[in-house]
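Okay, thanks for coming, everyone. Let me put the thing up on the screen, and then I'll walk you through some spots in it.

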Amino acid sequence: MISAGHFDIAIIGPGCFGSACAYHLTKLCNKKVCLIGPNEPQGPRSDSKNSVFASHYDTGRITCCSGTNPVSPRLNQRSINRYREIESESGISFFNPVGFIAIGTKDSEFIRVTEKCLDQFKIEAEILDSNQLTDKFPYLTIPSNYVGIYQPEKAGYIDIRRCVQAQIKVAQLQGCIRIAEIVESIVENKDGKLKISTETGRYITADKIVLATGAFTKCKDLMASWNRKLDLDVRRETTVKLQVNAKGLQDLSTMPSLIYADATEPRHVCYILPPIKYNDDGVYYLKIGHGLHYSKKIDPENLVQWYHGSGDPDAETSLKQILKKLIPHDYFTASKCDSCAIARTPHRSPMIDKVGNNVTILVGGNGGSAKSCNEIGYIGALNVLHRKWHYDIPASVFQVCYEENESKL
Ligand SMILES: Cc1cc2nc3c(=O)[nH]c(=O)nc-3n(C[C@H](O)[C@H](O)[C@H](O)COP(=O)(O)OP(=O)(O)OC[C@H]3O[C@@H](n4cnc5c(N)ncnc54)[C@H](O)[C@@H]3O)c2cc1C
């Protein structure tokens with residue numbers, strides 16, 4: 001086995017959380033930090049031999065200050081407030097402040113929770129009835145008993161690939177070493193040092209580790225040395241991208257991101273990103289994804305195969321139906337379907353907690369943490385550097401959860 005060096009802190013997982021943690025750790029201390037994990041495969045994913053993938057291999061991710069649990073709005077706001085700074089430090093732009101609308105029936109839980117959140121966190125928003133909604137966004141067709149909560153500021157979408165690139169670039173400028181390898185195992189030696197072995201037969205030693213491996217965390221038995229299994233509920237996700245023609249591009253040129261909570265048909269709860277270029281081919285796509293109905297549990301051993309495929313055809317059919325209802329215009333031509341995955345935690349906040357003294361767990365995006373990843377990475381960095389909890393939201397919110405019958409070490 002060939003050594004790839006010794007580090008004070010090794011972050012495993014160069015995704016949303018891991019890159020943000022590297023960004024902050026290299027600002028907060030002078031320790032030797034590395035960030036380990038594969039680059040995004042070039043070319044079709046089905047041709048890739050990688051044994052792990054990521055949830056951030058995408059361009060459009062909704063961002064907004066509101067959130068549906070008591071903690072996420074604070075994490076969202078703190079991250080959004082840092083976007084411009086990260087862009088300027090890295091020279092990589094990723095934030096498109098096109099606004100965001102939450103649409104649902106007046107009396108729905110979704111609208112009630114969003115309104116309460118706006119109030120509590122002093123988020124600027126307009127509440128529009130269905131007529132006002134269609135006046136402002138004439139391409140939408142909205143039933144009369146629906147309202148829209150429109151956040152014009154600090155909301156829209158981020159290009160999550162570029163956001164991750166930006167965080168990694170700044171971390172590297174600050175001294176972080178990037179190691180593009182997949183980790184196969186972690187062993188804690190008797191002296192407390194950690195040995196990280198990679199698929200290519202190299203190894204890295206570290207005093208501390210951050211595990212930020214997202215939905216693929218359980219695909220390798222990385223917690224074997226601690227005899228623990230994290231309670232992560234991994235769900236498969238399908239998105240549909242529809243190519244937008246010239247008329248559509250014109251009409252949808254100021255379209256915000258949106259979430260639509262259909263009150264009568266759970267299959268039709270969806271989120272939509274406005275037309276975005278996903279590749280360098282100059283083609284714009286509108287992206288639509290589903291709510292919980294099509295978010296089905298998937299076992300770790302089936303994840304790679306799922307990523308090689310092109311999503312769930314039932315979800316695709318349903319998403320196209322709802323889009324036809326919401327934007328009933330001839331804007332769309334070809335479509336393509338994509339597969340992805342999310343990792344849910346029992347408490348619906350990310351797990352940011354220690355296992356023993358030297359391992360920080362930083363996983364559980366719960367399907368909506370791209371927007372807040374920078375703050376989540378910051379909390380992770382504080383957790384690595386301090387023995388005691390150093391953040392103004394209680395540690396219990398982010399506690400690590402193990403599969404049934406297991407408790408924290
Ligand atoms: C379809 C879809 C739509 C979404 N839409 C939104 C949205 O609109 N807004 C929003 O805020 N959020 C959204 N999310 C959620 C967001 O993308 C996730 O919350 C976020 O990516 C989680 O970040 P992470 O760092 O935990 O995981 P990831 O970003 O997946 O990063 C994990 C990293 O770990 C690496 N890794 C895994 N195993 C190993 C290993 N053994 N060795 C080395 N490296 C390893 C992976 O390669 C990857 O780089 C969406 C997610 C999906 C799937």
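So, let's start at R348, which sits in the loop between β18 and β19 (351–355). Keep in mind that this is a predicted model. For background, most residues other than glycine have a negative phi. As for the solvent side, R348 comes out at 36% relative accessibility, so it counts as partly exposed.

There's another one of these. N366 isn't a glycine either, and its phi is positive at about 50 degrees. You'll find N366 in the loop between β20 (359–363) and α10. And is N366 buried or exposed? It's buried, because its relative accessible area is 18% and the cut-off for buried is under 20%.

The protein chain has ten helices and 20 strands. Its radius of gyration is 21 Å, close to the 22 Å the globule rule gives for 409 residues, so the chain is as compact as a globular protein of that length. If you're setting up a box, the C-alpha atoms fill one of roughly 65 × 45 × 45 Å along the principal axes. Of the 409 residues, 56% count as buried.

Now the ligand, which I guess is what you're here for. Where does it lie relative to the domains? Domain 1 (2–58 + 161–232 + 346–398) and domain 2 (233–258 + 272–344) both give residues to the shell around the ligand, so it lies between them. The ligand is surrounded by 36 residues, and the closest are F17, S55, I62, V183 and C340. Class by class, the shell has 19 nonpolar, twelve polar and five charged residues.

Which elements build that shell? At least two residues each come from α1 (16–28), β3 (60–63), β13 (233–244) and β18 (332–344). The largest share, three residues, belongs to β18.

On the polar side, look at the backbone. A polar backbone atom of I62 is 2.7 Å from an oxygen atom of the ligand. For A212, a polar backbone atom is 3.4 Å from a ligand oxygen, and a backbone N or O atom of F53 also lies 3.4 Å from an oxygen atom of the ligand. And how much of the ligand's surface gets covered? Taken alone, the ligand exposes 1,000 Å², and the protein buries 97% of that.

T59 is in the loop between β2 (33–36) and β3, and at 4% relative accessibility it counts as buried. The T59 side chain makes a polar contact with the side chain of R161, at 3.1 Å.

Then there's I298, in the loop between β17 (296–297) and α8 (303–308). I298 counts as buried, at 12% relative accessibility.

C401 and R228 are 173 residues apart in sequence, but C-alpha to C-alpha they're 9.8 Å apart.

Technical notes:
Residues are numbered from 1 along each chain as its sequence is written. This is a predicted model: local features need pLDDT of at least 70, side-chain atom pairs count only at pLDDT 80 or more; totals for chains, interfaces and linings use all residues. Side-chain values use heavy atoms; hydrogens and water are left out. A residue is near a molecule or strand if one of its heavy atoms lies within 4 Å of it. A polar contact is a pair of N or O atoms within 3.5 Å; within protein, one must be able to donate a hydrogen and the other to accept it, and residues adjacent in sequence count only if both atoms are side-chain atoms. Accessible areas come from the Shrake-Rupley method with a 1.4 Å probe; for residues, only the protein chains shown count as cover. Helices (H or I, at least four residues) and strands (E, at least two) are DSSP runs, numbered from the N terminus. Ala, Val, Leu, Ile, Met, Phe, Trp, Tyr, Cys and Pro count as nonpolar, Asp, Glu, Lys and Arg as charged, and the others, Gly among them, as polar. Domain bounds come from an automatic or database domain assignment. The radius of gyration is taken over C-alpha atoms; the globule rule is 2.2 Å times the number of residues to the power 0.38. Buried means under 20% relative accessible area, exposed over 50%, partly exposed in between (1.4 Å probe, protein chains only).
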